[in-house]
Amino acid sequence: MKKMFVLLIMSIFLVMSCSKKAIKPVSLESQTAQSVIETINMLKTAYVHKDEAALTRYTTDFGFSSNFKAAAMDFSSAELSFTPMWVDIKSDTLQVQVSWTGKWVYHGHNIEENGVAGFVVTGPPYRVDKILRDNPFAVLTVK
């Protein structure tokens, strides 16, 4: 009888230990950060493809005019890689720090740069208003 009781208790513990753990729901801040990072990645894709309509969709009027000049789009090809480092949320303004690397072919010359940029994003809908520090979209304007 004791063996059966011990086996019953052990089987209950085994079943309980193998059951799925509860999944913690994603917080609102995390959802917001993911959405803003996705917006910045869409902006990067629009820049690489020289899609001015998409650039204006993901930036404010000020953000477009101050960060995307005609000279910045005068490349044959571009590759950009962003790695998000930090997201700071303050009411309807967010600041996203990203580490970036880029390669451009510009008038037959290969250019490689890297840096850290701070994207100031307003919204919703989320749109880039300013780019602080090393603007990956303005590398060619200073060459």
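1. Two strands count as paired here if DSSP finds at least two bridges between them; helices (H or I, at least four residues) and strands (E, at least two) are DSSP runs, numbered from the N terminus. This is a predicted model, where local features need pLDDT of at least 70, side-chain atom pairs count only at pLDDT 80 or more, and totals for chains, interfaces and linings use all residues. Residues are numbered from 1 along each chain as its sequence is written, and side-chain values use heavy atoms, with hydrogens and water left out.

2. On to the sheet. Four strands make an open, antiparallel sheet in the order β1-β2-β3-β4. β1 and β4 sit at the edges with a single partner strand each, so one side of each has no neighbour in the sheet.

3. β1 (residues 77–90) and β2 (residues 93–106) are joined by 13 antiparallel bridges. Two residues lie between these strands, and S91 in the turn has a positive phi of about 45°.

4. F119 is worth a click: its contacts (heavy atoms within 4.5 Å) include I40, L43, F82, V128 and F137, leaving aside residues up to four places away in sequence.
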